[in-house]
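Welcome! Take a look at the sequence and the model, then read on.

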Amino acid sequence: MSPEIPVTDVRSDALRLLSNGVYVLTACLSDTVHAATVSWLSQVSFHPPLVMVALQRNSHLAHAVRKAHRFAINILGAEQQALAESFFTHITAPAGAPALAGYPLRDGAAHCPLITDAMAWLECRLDAELPSPGDHNVLLGEVTGAGIRHPGAPIVLWETPWSYGGLNAS
Amino acid sequence: MPESDTIKSILRMFGYGLFVAASASPDGPRAATVSWATQASFEPRLIAVAMRKGTAICEAVQASQRFALHVVGAHQPDFAKAFFKAPLGADGEMGGYRYGLSQRGVPILGAAAAWLECEVIEEANRSGDHAIFISTIVDSDVSVPGVEALALRDTPWHYGG
């Protein structure tokens, strides 16, 4: 965090008005599964169906997604804050592990680990990395698989005690 | 391949806000409601906004490389609705709302709960039907401190799937 910029910067206030969900992104690279909670994610095309996700640059998760060329978005229900919190720090496990941070896993058709407690999931093929100069890698994925386990209301970031936006994470 | 209806349902679970994007075109200011926007970096602060290729707002942003992203407040669904059809602005009025021009010539709608004035640094998404503008923030304001933004989920509308 740069001490020159006051945390009350109006741009932070405006940025935190962007509506974001809360998702657990998972990927499997060779013999390791990776997972972490993400929030900067949006659909960016209808045809083909493309989603964009921003991951901390040089993070283990970004590395795994860029190398594996595949990732899954696990969509959490409004009541699953504890699940989201379990993945605030990047979590790994050996490929084929039955669970991650205590949450059961199964392997998706495209070999992405799916958290079976999540209300829905999307599997994506990495389509491109956008030329963003920021501190996050901006990755585009084409949706190749999907499933809904139980319809309901997903978590919205601003209905939680957390924020991820503006000047820095808190 | 899963049923496309399943993908559509899931893509509509994503959390989005509602925004009015505005930009200067050679014919006059353009504005349109958008929802595919997210922050993309803390340092430097960047946002990524997707706009459907071929629309007036998208072409205005492509030409000027500048736009304003206005946050629609939770109490302002009519503000979002006024820009569904990308009205052309003239004489300081667009879609029934007053606008002024920033120092850089970007139309700013005074009614917005908050706004970010942005400068495009990268345009991407060759394979998709929307252009993605990765943009820096050059100015901003929150007109109502503590205002809550309108969530797409809390409206009768959807954009996704």
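The points below go through confidence, overall build, helices, the contact between the chains, and some backbone details.

This is a predicted model. For the complex, the predictor gives an ipTM of 0.87 and a pTM of 0.88.

**How confident is the prediction?**

- Chain B has a mean pLDDT of 92, with 98% of its residues reaching 70 or more.
- For chain A the average pLDDT is 88, and 92% of the residues score at least 70.
- One stretch to treat with care is residues 1-7 of chain A, where pLDDT stays under 50. The model has five contacts beyond four places in sequence for this stretch.
- Where pLDDT is low, the predicted coordinates should not be read in detail.

**The build of chain A**

- Chain A contains three helices and eleven strands. Following the sequence, they come in the pattern α-β-β-β-β-α-β-α-β-β-β-β-β-β.
- Chain A has a radius of gyration of 16 Å, close to the 15 Å that the globule rule gives for 170 residues, so chain A is as compact as a globular protein of that length.
- Taken along the principal axes, the C-alpha atoms of chain A fill a box of roughly 45 × 35 × 35 Å.
- Of the 170 residues in chain A, 50% are buried.
- Looking at contacts in chain A between residues at least 6 apart in sequence, 67% join residues at least 24 apart.

**The nonpolar core**

- There are 108 residues in the largest nonpolar core, and B:Val20, B:Ala21 and B:Val49 have the most contacts inside it.
- Beyond its neighbours within four places in sequence, B:Val20 has contacts that include B:Ala31, B:Thr33, B:His70 and B:Val72. Other partners of B:Val20 include B:Phe79, B:Phe83 and B:Leu109.

**Helix α2 in each chain**

- In chain B, helix α2 covers residues 56-64, and its buried residues are B:Ile57, B:Cys58, B:Ala60 and B:Val61. Seen down the helix axis, the buried residues of α2(B) fall within an arc of 165°, so they line one face of the helix.
- The cover over these buried residues of α2(B) includes the chain B strands β1 (19-25), β2 (28-34), β4 (46-52), β5 (66-71), β9 (114-124) and β10 (130-142).
- In chain A, helix α2 covers residues 60-68, with A:Leu61, A:Ala62, A:Ala64 and A:Val65 as its buried residues. These cover an arc of only 160° around the axis, which puts them on the same side of α2(A).
- Packed against the buried residues of α2(A) are β1 (23-29), β2 (32-38), β4 (50-56), β5 (70-75), β10 (120-129) and β11 (136-148) of chain A.

**Where the chains meet**

- The contact takes 47 residues from chain B and 48 residues from chain A.
- On the side of chain B that touches chain A, the elements giving two or more residues are α1 (4-11), β3 (37-41), β4, β9 and β10 of chain B. Among these, β10(B) gives the most, with seven residues.
- By class, that side of chain B has 28 nonpolar, 13 polar and six charged residues.
- The buried residues of α1(B) are B:Ile7, B:Ile10 and B:Leu11. They cover an arc of only 95° around the axis, which puts them on the same side of α1(B).

**Backbone details to look for**

- Most residues other than glycine have a negative phi, and most peptide bonds are trans.
- The peptide bond from A:His47 to A:Pro48 is cis, with omega near -5°. A:Pro48 sits in the loop between β3 and β4 of chain A.
- From B:Glu43 to B:Pro44 the peptide bond is cis, with omega near -5°, and B:Pro44 lies in the loop between β3 and β4 of chain B.
- Just after α2(A), A:His69 takes a positive phi of about 65°.
- B:Gln65 has a positive phi near 65° and belongs to the loop between α2 and β5 of chain B. With 14 other C-beta atoms within 10 Å, B:Gln65 is partly exposed.
- B:Asp91 has a positive phi near 55°, and its place is the loop between α3 (77-81) and β6 (93-94) of chain B. B:Asp91 counts as exposed, with 8 C-beta neighbours inside 10 Å.

Conventions
Residues numbered from 1 in each chain as written. Chains lettered and ligands numbered in written order. Predicted model: local features only at pLDDT ≥ 70, side-chain atom pairs only at ≥ 80, totals over all residues. pLDDT = per-residue confidence, 0-100. Core = buried A, V, L, I, M, F, W, Y, C linked by C-beta atoms within 7 Å. Buried ≥ 20, exposed ≤ 12 C-beta atoms within 10 Å, placed from the backbone. Contact = placed C-beta atoms within 7 Å. Helix = DSSP H or I, 4+ residues; strand = E, 2+ residues; numbered from the N terminus. Rg over C-alpha atoms; globule rule 2.2 N^0.38 Å. Arc of directions from axis to C-beta. Nonpolar A, V, L, I, M, F, W, Y, C, P; charged D, E, K, R; others polar.
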